[in-house]
Amino acid sequence: MNTAETYFHAERWGGLIFVAVAVTAIAVAAWTWRHSAFWRGAAGPLVLAALVQLGVGGSVWWRSPQDLARVQHIVANERVRLGIEEIPRMQVVMNEFARNRWIEFALAAAGILLVILAPQSSVWQGAGAGLAVQAAMIFLLDGSAERRAAGYLSWLQSL
């Protein structure tokens, strides 16, 4: 298996993991929201972030096989397109990871502040907990995807 195959197969699995985390967050929100104000507060951020995770994860899972086929064709037949299309695309992806890392960190920090500053067991404290958990989860999953993308970009640049 070459690096493109390794990268896109891992991306596909990463997309599936995003979807699984989203489904889990929705299930937790649905199961717990009736229990207390805290859980009603947590449900909103859990579900909103899960919707983003479903979209991103589903999209990555769906398009990875086509992306792999496209890159394999370019590598085998039109290598000049690597520098025109795929390397610039991946550089944009890497820049987006850097930007998203700051957004995810800020959201996690805001969630933690809400947990600390909001009244005990309140809707706001629950919202902060839900936000912090989801932002941290996305931060971790994106970090893994970023490391895969950096290796793939390095491989592309070596061709």
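Read along the sequence, the chain follows the pattern α-α-α-α, and its secondary structure comes to four helices and zero strands. Helices (H or I, at least four residues) and strands (E, at least two) are taken as DSSP runs and numbered from the N terminus. The model is predicted, with local features requiring pLDDT of at least 70 and side-chain atom pairs counting only at pLDDT 80 or more, while totals for chains, interfaces and linings use all residues. Residues are numbered from 1 along each chain as its sequence is written, and side-chain values use heavy atoms, with hydrogens and water left out.

Along its principal axes, the C-alpha trace of the chain spans about 60 × 25 × 20 Å. Of the 159 residues in the chain, 38% are buried; here buried means under 20% relative accessible area, exposed means over 50%, and partly exposed lies in between (1.4 Å probe, protein chains only). Contact means heavy atoms within 4.5 Å. Among contacts in the chain between residues at least 6 apart in sequence, 77% join residues at least 24 apart.

The packing of helices can be considered next. Two packed helices are described by the angle between their axes and the distance between the axes. Helix α1 (residues 3–32) and helix α4 (residues 123–158) have axes that come within 10 Å and cross at roughly 170 degrees. This makes α1 roughly antiparallel to α4. The axes are lines fitted to C-alpha atoms, for helices over the stretch in contact, and the angles run from 0 to 180 degrees between N-to-C directions. Angles under 35 degrees count as roughly parallel, over 145 as roughly antiparallel, 65 to 115 as roughly perpendicular and the rest as oblique. On the α1 side, the contact is made by T3, A4, Y7, F8, A10, E11, G14, I17, F18, V21 and A25. On the α4 side, it is made by Q134, M137, I138, L141, D142, A145, R148, A149, G151, Y152 and W155. By class, the contact of α1 with α4 has 15 nonpolar, four polar and three charged residues (Ala, Val, Leu, Ile, Met, Phe, Trp, Tyr, Cys and Pro count as nonpolar, Asp, Glu, Lys and Arg as charged, and the others, Gly among them, as polar).

Ring pairs link Y7, F8, Y152 and W155 into a cluster. Rings of Phe, Tyr and Trp (its six-membered ring) pair if their centres lie within 6.5 Å; planes under 30 degrees apart count as stacked, over 60 as edge-to-face and the rest as tilted. By this rule the count comes to seven aromatic pairs. The ring centres of Y7 and F8 are 4.9 Å apart and the planes lie at 70 degrees, so this pair is edge-to-face. Y7 counts as buried because its relative accessibility is 7%, and F8 is likewise buried, with a relative accessible area of 4%.

W102 and F105 form another edge-to-face pair, at 6.4 Å centre to centre and with 85 degrees between the planes. These two residues are three apart in helix α3 (residues 80–117), and are therefore separated by about one helical turn. W102 is exposed, with a relative accessible area of 63%, and F105 counts as exposed at 52%.

A charge also meets a ring. The charged end of R12 sits over the ring of W61, 3.9 Å from its centre; the criterion is that NZ of Lys or CZ of Arg is within 6 Å of the ring centre and within 35 degrees of the ring normal.

Several individual residues complete the picture. E146 is found in helix α4 and counts as buried at 17% relative accessibility. Leaving aside neighbours within four places in sequence, E146 is in contact with M94, F97, A98 and R101. W124 also lies in helix α4, but counts as exposed at 57% relative accessibility. Not counting residues up to four places away in sequence, W124 touches L114 and A118. The C-alpha atoms of W124 and G41 are 5.9 Å apart in space, although the two residues are 83 apart in sequence.

The loop between α3 and α4 contains S121, which counts as partly exposed at 45% relative accessibility. Most residues other than glycine have a negative phi. The phi of S121, however, is near 60 degrees, a positive value in a residue other than glycine.
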